[in-house]
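Please have the sequence and the coordinates at hand before starting.

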Amino acid sequence: MKIGMVTACYKPVINGVTRMVALYKEALEELGHEVTVFTLGEPDPAGEDTNVVRSPAIPLGKTGYYATFGYNREARERLREMDIIHCHHLLMSVEMAHRYGQCPIVYTNHTRYDLYTGAYIPLPQPAADAIMRQIWPEFTDYCDVIITPSASVRDVMRDFGVRRPIRVIPNGIALEPFWHPPAPRSRASLGIPAEAIVAVYAGRLATEKSVARLLEQFALAREVEPALHLLLIGHGPAEADLRQQAAQLRVEDAVHFAGSVPYEEVGNYLAAADFFVTASVSEVHPLTVIEAMAAGLPVAAVSSPGIVDTVEHGRTGYLSSSPAGLDAAMIALAANASRRREMGCTARAASSRYDIRKTVAETVELYEELRRTRPDLAREREHGRWGAGAATPLVEQLARLLRPPDRSDGG
């Protein structure tokens, strides 16, 4: 089967979607399928994976993402050859696949776009939600089936008016490098005292990941448990601000920035920690949490869609009801070493359900079903038809949201 993976970003960084695409590409190729990644931007300076087709695009600031109005000729021609196209971003992905492909389209929703919109556009959350009630249904109508990695995110998308069929297939990882890391990092090599209690976060250092809130909560937890240290794995546009914030909170000696780490090394770094922590509420089913559980780490996190499908409160970690309570979850894990180890063992066992061999098998089963039934041929929007008009309702809605209030009532 010829499978096209379409993504707006494909870089070797701590980025959940990039890792997901790379893991699934490798697993599908091991099963004998031919996988081509269609993405945007400049070639990877470290060298491209095989079968990666990039189209020129404009970088969107320092986000690592790109924008374009169309793919280059090679991408257009090769997309027409695919038996299945699997998209991994909503924008710069699903509509492009519809425009150039001639086969069924699957879209995996990796992101709480409603929360991302509120984080990056200076609008109140209700206004951001109004935008997503237009965008999510409009763009997902270009695909045939949506995959959500968790049931709670499926429910969120339904609440936002998404109309297409939805399947729940969890994210998967290769468990072995986390179950048995080949070269575990010592705390000394990371500048962390041997007696420290180490919380670890892995992911982009960016606004939507709420790392600034994590630092605030860590500083509060450390007032109660001075042995706490925080290891941050990853990089991103917020790194300089976070370093400054750590200094302002007077915890800079206890916060360790590991920077960007090759994916194959992540398990080695997690081996130096006692538990995983995240303040993000924008995840749909975070790979970093699954990886931490596979490494035998309990999780401190905020109860939110995606997280609640993965972490069982009181068994594989502690979930706070709001970001403001994350310090209590950290303190609870730091205060009881035996309970922490017990939860870590339970988390490691629970991670087996995310074996990538299982999740890829479910995904291939869906691909084969779509190839048999060809729902794309009955799509209201025919193959190859560019949805340029789809932007019009969105522009009109943005104009209404940004328009000054009507003062005709004399108010």
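The model is a predicted one. Its chain contains 15 helices and 15 strands, and buried residues account for 55% of its 411 residues.

**Exercise 1. The faces of α14**

Task: Determine where the buried residues of α14 fall when seen down its axis, and state which exposed residues the face turned away from them carries.

Solution: 
1. Helix α14 covers residues 356-373, 18 residues in total, and reaches 26 Å from its first C-alpha to its last, close to the 26 Å expected at 1.5 Å a residue.
2. The buried residues in α14 are Ile356, Thr359, Val360, Thr363, Val364, Leu366, Tyr367 and Leu370.
3. Viewed down the axis of α14, these buried residues lie within an arc of 155°, and therefore line one face of the helix.
4. The spacing follows a general rule: an α-helix has 3.6 residues a turn, so residues three or four places apart point the same way.
5. On the face turned away from the buried side, α14 carries the exposed residues Arg357, Glu365, Arg372 and Thr373.
6. Just after α14 comes Arg374, with a positive phi of about 45°.

**Exercise 2. The packing of α8 and α12**

Task: Describe how α8 and α12 pack, giving the angle and the distance between their axes, and name the residues that make the contact.

Solution: 
1. Two packed helices are described by the angle between their axes and the distance between the axes.
2. For α8 (residues 211-224) and α12 (residues 326-335), the angle is about 45° and the axes are 8 Å apart.
3. Because of this angle, α8 is oblique to α12.
4. The crossing in which α8 passes α12 is right-handed.
5. From α8, the contact involves Leu214, Gln217, Phe218, Leu220, Ala221 and Val224. From α12, Leu326, Asp327, Met330 and Ile331 take part.

**Exercise 3. The surroundings of Leu231**

Task: Decide whether Leu231 counts as buried or exposed, and identify its contacts beyond its neighbours within four places in sequence.

Solution: 
1. Leu231 is located in strand β11, residues 228-233.
2. Its relative accessibility is 1%, and the cut-off for burial is under 20%; Leu231 therefore counts as buried.
3. With neighbours within four places in sequence left aside, Leu231 contacts Leu190, Ile192, Val198, Ala199, Val200, Tyr201, His256, Ala258 and Tyr269.
4. For the chain, among contacts between residues at least 6 apart in sequence, 69% join residues at least 24 apart.

Conventions
Residues numbered from 1 in each chain as written. Predicted model: local features only at pLDDT ≥ 70, side-chain atom pairs only at ≥ 80, totals over all residues. Heavy atoms only, no water. Helix = DSSP H or I, 4+ residues; strand = E, 2+ residues; numbered from the N terminus. Expected span 1.5 Å × (residues − 1). Buried < 20%, exposed > 50% of the residue type's maximum accessible area, 1.4 Å probe, protein only. Arc of directions from axis to C-beta. Axes fitted to C-alpha atoms, helices over the stretch in contact; angles between N-to-C directions. Parallel < 35°, antiparallel > 145°, perpendicular 65-115°, else oblique. Left-handed = near helix turned anticlockwise from the far one by under 90°. Contact = heavy atoms within 4.5 Å.
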